[in-house]
Amino acid sequence: MSTSLIKRIDEKYQLRHFAWVVVIIASIIQMVGSTIRNVFGVMVDPMSQTFGWSQGQIGLGYAIAALCTALFSPIAGIMGDLMGARKAMAIGTVLFLIGMTWTASASSIIEFYISYGIVLGVAQSIYLVPIVPAVISWFKRGTGIGTGAMMVAWSIGPALSIQALAICFEYFGWQNTFLIFGILGSLVIAICLLFFYDSPEKKSTLPYGWLSTDDKSEMKGILWNSKHQKLIYKTDSFWHLINIHFWGCVGHSVILVAAIPMAVNQGISLVTASGILSIIAIASIFSRFAAPIIGDKYGSKPIIFLSFLGQGLSVLLLLNATTVFDFYLFAILFGLPYGGEGTVVPVINKQYYGRFPMGTTYGWQLFGAGIGMAIGGVIPGVVFDITGGYVFAIWVSAISSLWGAILVLMLSNTNRMIVKYST
Amino acid sequence: MNETPHKGLSMIVMTIFVSLALLIYIGADYSENRIKNRANQNNLADVWWERSFILVCPLH
């Protein structure tokens, strides 16, 4: 790459602005924090062999963790708004360390449910919720590219770390891996937090994209307070966004859980069928990056509507899918809208509510998402047990996403803020 | 700006009702399936949650 090109990119995107450091730190923290959840599938067999627990018993630990993350999300958001993302995540790091080391030494299923399910579930919500609004607060303009960059790192990170952890499980055993990863992960996050600032105000600098013509009074009065938060609660769009998150997550979690069994049911080998999730992951990286940028530039409502519509309609391809080509084509057509569906939301929050701290608002949205993921994840298995197939589950997924698209139409326009804060 | 976000809240209430209706329907279907399977094996055990789902669901 020539020096002039780097210079041009630097001029356009202000690569030396501290906002990018915050984006990188947020990506690292999220990657470390979410890996243990993403790697769960690899843990099941080794744990089953060590303790003789059934797959169902171990799976319940995952469900408890997912539910705890969802239920604790609003509290994590409030913590982020009241004490700042940095302090909230420091508490999350302590919980992460306790949860990881405790899980490594757990000897009963109840201990596993508490250490992995509750402690790590809560730690996950503290990593997941306050950091996104903190990153967004670093951008006056270009929120889309900041969000897109962070979301892409979140997709790529776990994909790489899952492989690394799977190898560690093989060589060191799952208990040692939990212990080592718990200590190293906590250390990495603690170091990252030393360089992390909740907002440009706390570093006495200006946000990314700030112009000399911008009103400096905007920099004042962005501390969280319940009076302004109540104004947000009084908007229809606040409730619609929780609802939209819920239906969107029901829609895609059904597919993420059932896509491989559906393909295997059609006589496709497990290894080939696994390719469906890989293709969905790869296709979604593109839209995770592009959707926030498009939403920021041209308005978020059309892009989130198209994402929900695409997610709902593409699922219907599975009704007649029988060959590898059918499933892989579905994976591409589903992965693109799926990636864009949730990543625009932080941008919408900024468009609706300005630079007011978004932790509480985003926490409630992730609460809806978490409950949707939990419900959607259970549906395919139950439906298969009853009907011996997945047709009903496919329709539930499609209708959920299409209903989400209808709810998107009820959102206010994103071209102006929908609350007026009094000073 | 609204004093009460009627639209937003009513859609949330609708979501809760639809989810509950779906849960009850699928739960009742699942229960009926389990009871039939047991009956085929001459096992007439009575499970409280299966009975509850079928009792609550108007379509089963």
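Guide: A helix here is a DSSP run of H or I covering at least four residues, and a strand is a run of E covering at least two. Please bear in mind that the model is predicted.

Visitor: How many helices and strands does chain A have?

Guide: Chain A has 17 helices and 0 strands.

Visitor: And what is the count for chain B?

Guide: Chain B comes to 2 helices and 0 strands. The radius of gyration of chain B is 18 Å, well over the 10 Å that the globule rule gives for 60 residues, so chain B is more spread out than a compact globule. Its C-alpha trace spans about 65 × 15 × 15 Å along the principal axes.

Visitor: What does the globule rule give for chain A?

Guide: For 423 residues, a compact globule would have a radius of gyration near 22 Å, and the 21 Å of chain A agrees with that. The C-alpha atoms of chain A fill a box of roughly 65 × 50 × 45 Å along the principal axes.

Visitor: Where in chain A is confidence lowest, and where is it highest?

Guide: It is lowest in helix α3 (residues 40-51) of chain A, with a mean of 79, and highest in helix α13 (residues 300-315) of chain A, at 96. Over chain A the average pLDDT is 89, and 97% of the residues score at least 70.

Visitor: Let us turn to domains. Which ones are assigned in chain A?

Guide: The assignment gives domain 1 (16-201) and domain 2 (226-409). Their centres, taken over C-alpha atoms, are separated by 21 Å. The contact takes 29 residues from domain 1 of chain A and 29 residues from domain 2 of chain A.

Visitor: Which elements of domain 1 give two or more residues to that contact?

Guide: On the side of domain 1 of chain A that touches domain 2 of chain A, these are α4 (55-83), α7 (131-137) and α8 (143-172) of chain A. The largest share of that side, 12 residues, comes from α4(A). By class, the side has 18 nonpolar, 10 polar and 1 charged residues.

Visitor: Now the largest nonpolar core. Which of its residues touch the most other members?

Guide: They are A:Val22, A:Ile29, A:Ile126, A:Ile131 and A:Val135, out of the 125 residues in that core. Helix α11 (residues 236-265) of chain A gives the largest share of the core, 16 residues.

Visitor: What does A:Val22 touch?

Guide: Leaving aside residues up to four places away in sequence, A:Val22 touches A:Val135, A:Trp138, A:Phe196 and A:Tyr197.

Visitor: And the contact between the chains: how many residues does each one contribute?

Guide: The contact takes 17 residues from chain A and 15 residues from chain B. On the side of chain A that touches chain B, α11 and α16 (359-387) of chain A each supply at least two residues. α11(A) gives the most to that side, with 8 residues. By class, the side has 10 nonpolar, 4 polar and 3 charged residues.

Visitor: Is B:Asn42 buried or exposed, and why?

Guide: B:Asn42 has 6 other C-beta atoms within 10 Å, so it is exposed; the cut-off for exposed is 12 or fewer.

Visitor: What is phi at A:Gln14, and where is that residue placed?

Guide: Phi of A:Gln14 is near 45°, a positive value in a residue other than glycine. A:Gln14 is in the loop between α1 (3-13) and α2 (18-38) of chain A. With 15 C-beta neighbours inside 10 Å, A:Gln14 counts as partly exposed.

Methods: Residues are numbered from 1 along each chain as its sequence is written. Chains are lettered from A and ligands numbered from 1 in the order in which they are written. This is a predicted model: local features need pLDDT of at least 70, side-chain atom pairs count only at pLDDT 80 or more; totals for chains, interfaces and linings use all residues. A nonpolar core is a set of buried Ala, Val, Leu, Ile, Met, Phe, Trp, Tyr and Cys residues joined through C-beta atoms within 7 Å. A residue is buried if 20 or more other C-beta atoms lie within 10 Å of its own, exposed if 12 or fewer, and partly exposed in between; C-beta atoms are placed from the backbone. Two residues are in contact if their C-beta atoms, placed from the backbone, lie within 7 Å. The radius of gyration is taken over C-alpha atoms; the globule rule is 2.2 Å times the number of residues to the power 0.38. Ala, Val, Leu, Ile, Met, Phe, Trp, Tyr, Cys and Pro count as nonpolar, Asp, Glu, Lys and Arg as charged, and the others, Gly among them, as polar. pLDDT is the predictor's confidence in each residue, from 0 to 100. Domain bounds come from an automatic or database domain assignment.
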